[in-house]
Amino acid sequence: MQNAALEYDYTVAKWFTYLAIIFGIVGMVIGTYIAFELAFPGLNELFGQYGTFSRLRPLHTNVVAFGFTLSGIFATFYYVGQRTLKVSIAESKFVHGVAKLHFWLYFILAACLVVSELLGITTSKEYAEMEWPMDVLTVVVWVLWGMAMFGLIGMRREKTLYISMWYYIATFLGVAMLYLFNNMEVPTYLVTGMGKWYHSVSMYAGTNDALVQWWYGHNAVAFVFTVPIIAMIYYYLPKESGQPVFSYKLSLLSFWGLMFVYLWAGSHHLIYSTVPDWMQTMGSIFSVVLILPSWGSAINMLLTMKGEWNQLKESPLIKFMVLASTFYMLSTLEGPIQSIKSVNALAHFTDWIPGHVHDGTLGWVAFMIIAGTLHMAPRFYKREIYSKKLMEMQFWIQTTGIVLYFSSMWIAGITQGMMWRAVDQYGNLAYSFIDTVTVLHPYYTIRGIGGFLFVIGLFMWAYNFFKTMTSDKVLDKEPAFASPMGA
Amino acid sequence: MFHWLEQRPFLFSVGVFLVIAFAGLIEIVPDFAQASRPIAGKQPYTLLQLAGRHVYIKDSCNACHSQLIRPFKSETDRYGPYSVSGEYAYDRPFLWGSKRTGPDLHRVGEYRTTDWHENHMWEPTSVVPGSIMPSYKHMFTQNADLETAYAEALTVKKVFNVPYDKPGFTKLGSWEEAKKQALEDAKKIAAEMKNQDVKDAVARGEIPEIVALIAYMNSLH
């Protein structure tokens, strides 16, 4: 056993971090643009067929979920993994090579995805839009990640897997299973020798297809937007604050509870559809049960700060993380509420749903990735974070953006849902559909502004990060806990 | 026990996988055979309709339009009878959508016409003042991909036993036959349209995307 501190190799972690920043900005600029398209439809005409809301919406969701978020997950994994397993990835040329190949193939895949979405090459299934050649590449990328992960685990010096590693392993396994089953498709060219070589047709039809898709669709959310983000907060919050995790037992309960319950909840996307009633009810019930493990993690994190709340005032990094777990609580309460049948009858198909998605993705996912990268920056470059003030400003601007986003979408969604079902004194529908669209204009505008503020924050993040790389305040040794920040 | 497990990554992973997979096994698998039966009289899509469905997917119409009428009076009043599972038996993929930025389209063929769609796709506000839908003018100049649609129809016929060419069901035939039939169907639609470029294209034997899309829209009942 050596006692000297290990020198970790952050090459791949850095690459993925740069990619997260780039995809974050690209994905959310597109998101803001399409948000304004709903308020000002003339914007649809600016880029011909490549600029319509319908072409850009899947591009937005894919770039933020599979460009920004996955890059953030991989970046933090290649950092947290090495450190919690007490092994440097450079100790094995093979594992390091696999990690680098993982990065480059992932990058190529992401680039193909952007181009194909713009061209309208899509299977139409949400968050599974890629056609089969890209699905095959996805499997390769995923397997490479698994090889890097279990390679590192195989080399580890710390025998016990830390909580974050549980969640990264679960991410790997969960997405692998879901992705494979939902993307079962038959390439038409291989069967008939005709038509476009990349076209395929789903193995499932109609209701079955919907069932598999939302089993996947909801749980892709679970295993991309929840599970690995919890991995991040279990590492970065205790590390940045210097506080031990509040309760091991609570983390056990939350982890195994989340794993067991999450997959059941997928059918809450299909309430009042043509899938069997018992499945809808199961989805509804388990969504409510899901509050327990979700809040378990969030409360465990908040209580980790017990007695140290002064740090919330002093450190913008702590602010990001505490607000992230708070948004996680909000989002995991809101989701179950929307899954209750009578509420779902009102909320489904309305803007309340994107509202719910975004308080999770912006407030929880993006905030954690931002906090993670800024915690890593001083350790990557052995330099002080360029500007604390900039981080503070970013925090408040983005928080304002999120609040504008979800509050406007709550109002929009409930307004529209109520108008769809409103009847006059004779029992006839009170509004034509277009009435329920034009009424949303102010809310769509406010949402666009919210998104715009969030994007401004992203540019501040990118600027701060890249200035840190060249900041002249060099650290003589790695900071143990709180990240040092310049004014 | 958990601490023991956390020191054994392989067993840990197996445990996690079993716990995750459990729900899918119970919830998804049992209903498969039952849910995929078509309702009586349901026809697979003709080649032209299927090509139109591909246009619908290419431009992600499903990002804003659902095809699922829920069993509420407010929905059946607005869109027609509520949707039943067997109606979707030939839908690969399903196109229920998850957001109604625009209205549901599951039975749009019941209450909109070729003429209405032509105007609407060219300039939505011309028929629906206040509409925020983009115009889709490029569908009037780009041609639909009949060959890929045929490849798909043939694939589902071969692999999934979709009843093409069976007595009483949609005829598909050979590629030449299918193409000829699709062009005939396209001519009927073009005859009800007024865009001269589209009419000329169809007369030349081409099928603009808009014609295929309208064939698909009209098939939604």
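I count angles under 35 degrees as roughly parallel, over 145 as roughly antiparallel, 65 to 115 as roughly perpendicular and the rest as oblique. The model is predicted, so I took local features only at pLDDT of at least 70 and side-chain atom pairs only at pLDDT 80 or more, while totals for chains, interfaces and linings use all residues. Residues are numbered from 1 along each chain as its sequence is written, and chains are lettered from A in the order in which they are written.

**Entry: helix pair**

I looked up helix 6 (residues 114-122) and helix 10 (residues 209-219) of chain B; their axes come within 10 Å and cross at roughly 130 degrees. Axes here are lines fitted to C-alpha atoms over the stretch in contact, with angles from 0 to 180 degrees between N-to-C directions. Helix 6 of chain B and helix 10 of chain B are therefore oblique to each other.

Which residues make the contact? I find B:Thr114, B:His117, B:Glu118 and B:Met121 on helix 6 of chain B, and B:Ile210, B:Ile214, B:Met217 and B:Asn218 on helix 10 of chain B. Contact requires C-beta atoms, placed from the backbone, within 7 Å.

**Entry: whole chain**

I counted 10 helices and zero strands in chain B, taking DSSP runs of H or I of at least four residues as helices and of E of at least two as strands, numbered from the N terminus.

For contacts in chain B between residues at least 6 apart in sequence, I noted that 73% join residues at least 24 apart. The C-alpha atoms of chain B fill a box of roughly 75 × 45 × 35 Å, taken along the principal axes.

Technical notes. Contact = placed C-beta atoms within 7 Å.
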